[in-house]
Amino acid sequence: MAGLVCAMSGACALAPMVSKKTGHVFEKSTILKFLLETQSCPITGQAMSAEDLIELKVNSSLRPKPPSSTSLPSMIEMMQNEWDSQAVETHLLRKELDKVRAELSHTLYQHDAACRVIAKVLKERDQALKERDEAVAAMKAGRVAAPAGAAESMDVDSGPTISEEIKERMTEKSAELSKGRKKRAISPNLAAEDKVKGYQEKLSKAIHKGSAPSCIDVHLENNTVVTGGMDSKVFVTDSSTGNVVATMSGHTKPVRRVLFHQASDMDMVFSSADVVKVWKADGKEICTFNNHKGDINAISLHATGDYLVSASADKSWAFYDLTKATCCQVVTDKDAAGGYSAAQLHPDGLILGTGTTDSMVKVWDVKTISNVVTFKATPGGPVGSISFSENGYYMATTGADGLKVWDLRKLAKQGADAQPAKVFEGNWKDARFDYRFDMRSEASDMRDDNAGSGTYLVGAGSSVKVWLAKSWNDVVELKGHKSEAVGAAFGKDASFIASCSSDKTVKIWA
């Protein structure tokens, strides 16, 4: 037994002890010191205590009595103790080194995997940005093929046309807005999601007396509300009191659309019925455009604030120069079986989205008067409304089968086979994003680059409902109208929502 070797130090054990659990032999002094620190086997790592050790008896001569500290035996004992401590420390350091090596290997593997994932995400992002830019460019340049026969079915009425000067003005404005959009921040006063969730009915008025309102809009500077009704009248009201501040009479048919001029220095209201009328906000008529042969179901203001577009049931849309009070061009599309039911200019001003009574959506390049994309938006029935998002990437349409959101970046490739990015089921009459551009010059001291955020989308139908744009999550559903809501619009910074209904009331939710 005198030749037993310690499993820790590798030296011959003078007082050998064997573990009942592992069978390893250790020097008594070394293993006891180790167990005081770790309570585990230094070789296997199993839990172990001094009770698990058996001291082995060996033939050896009796040890001499303890010598003095200056004797050679005492020095040998001190060196033995130091050796034992070093053996224990070396063993622990080796174990810790092995552990650190394993952790380092795992960390390096995770880092390599993370780098690969990041590279893949960046590649996908760059590809998506490229596709977006190509799609937007194609929409603006009219490179998307129109349906067969479309060219033959589209007529540009004889008479004035959109001048090169106007086209250049629109192009400059588009470039200005595209550049500014990248640096535009969300208004710090925008109503938070939690606040919008708590909106309730604050005001309800029968503005049109015995008649039902048919359309609504909100001025983002003074938060006044304009409504058009089946009584052929237009009313401007105070959103806080519901009091009428201006009445506009002159239409002979039900008013189809109303629209505020959002520039604070252009205090104008637009309305459409069988003609398009331009009013001062105090009720005085400025001019009338009579360029359609049917009901005018939609009007939309250009981003410059100088031009207006109207779309009619007579299958035509018209472009007006407000600075000269003239109609620049009328475009007739014979393929629109029932004529136009909705229209909206893209935020950049070079694209016009139109909806027809035979369920189609047609996207036009305004400069070239070309139909760049046509697709079916609903299985049947008219397209109720069209609205573009603040960033110009999404278009919302309404119809009897739901409110649908379309990704314009994909429309250029999908063409007639376009599929919506999101569908909200129900019979929706109107939809609007909470975005309105500030039409004042970029150099104007009064210009507000946070005029609208594009954060929310509101729909009017069996109820008034708000969603978050981009994520399309529900925010709040407002119920209070006794009949279906036919129009809804946001106040400035989504501080309130105005809605009108066939129950003859106009409601303010805040």
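In strand E20, Met360, Lys362 and Trp364 point one way while Val361, Val363 and Asp365 point the other way, and all of them are buried (under 20% relative accessible area with a 1.4 Å probe, protein chains only; over 50% is exposed, and partly exposed is in between). This is a predicted model, so to speak of local features a pLDDT of at least 70 is needed, side-chain atom pairs count only at pLDDT 80 or more, and totals for chains, interfaces and linings use all residues. Residues are numbered from 1 along each chain as its sequence is written, and side-chain values use heavy atoms, with hydrogens and water left out.

Back to E20, then. In a regular strand the side chains alternate between the two faces of the sheet. Six of the six residues of E20 (residues 360–365) are buried, so the strand is largely enclosed by the rest of the structure. Strands here are DSSP runs of E with at least two residues, helices are runs of H or I with at least four, and both are numbered from the N terminus. Two strands pair if DSSP finds at least two bridges between them.

E20 pairs with strand E19 (residues 351–356) in the antiparallel sense over five bridges, with Trp364 as the bridge partner of Leu352. The E20–E21 hairpin has four residues between its strands, and Ile369 takes a positive phi near 55°.

Elsewhere, four strands form an open sheet in the order E5-E32-E31-E30, with antiparallel pairing. Strand E5 (201–205) and strand E30 (485–490) stand at the edges with a single partner strand each, so one side of each lacks a neighbour in the sheet. Neighbouring strands of this sheet are turned by 15° against each other on average, direction ignored; the axes are lines fitted to C-alpha atoms (for helices over the stretch in contact), and angles run from 0 to 180 degrees between N-to-C directions. Within the sheet, four bridges join E31 (residues 497–501) to the antiparallel E32 (residues 506–509), and Ile497 is opposite Trp509.

Another open sheet of four strands has the order E26-E27-E28-E29, with antiparallel pairing. Its edges are strand E26 (430–433) and strand E29 (474–478), each with a single partner strand, so one side of each is left without a neighbour in the sheet. Neighbouring strands in this sheet are turned by 15° on average, direction ignored. E28 (residues 464–468) and E29 pair antiparallel over four bridges, and Val464 stands opposite Leu478.

On to the rings: a search of the whole structure finds nine aromatic pairs. Rings of Phe, Tyr and Trp (its six-membered ring) pair if their centres lie within 6.5 Å; planes under 30 degrees apart count as stacked, over 60 as edge-to-face and the rest as tilted. Phe289 and Tyr320 have ring centres 4.4 Å apart and planes at 35°, so the pair is tilted. Phe289 belongs to strand E13 (residues 285–289) and Tyr320 to strand E16 (residues 316–321), so the pair ties together parts 31 residues apart in sequence. Both Phe289 and Tyr320 are buried. Ring pairs also link Tyr394, Phe433 and Trp472 into a cluster.
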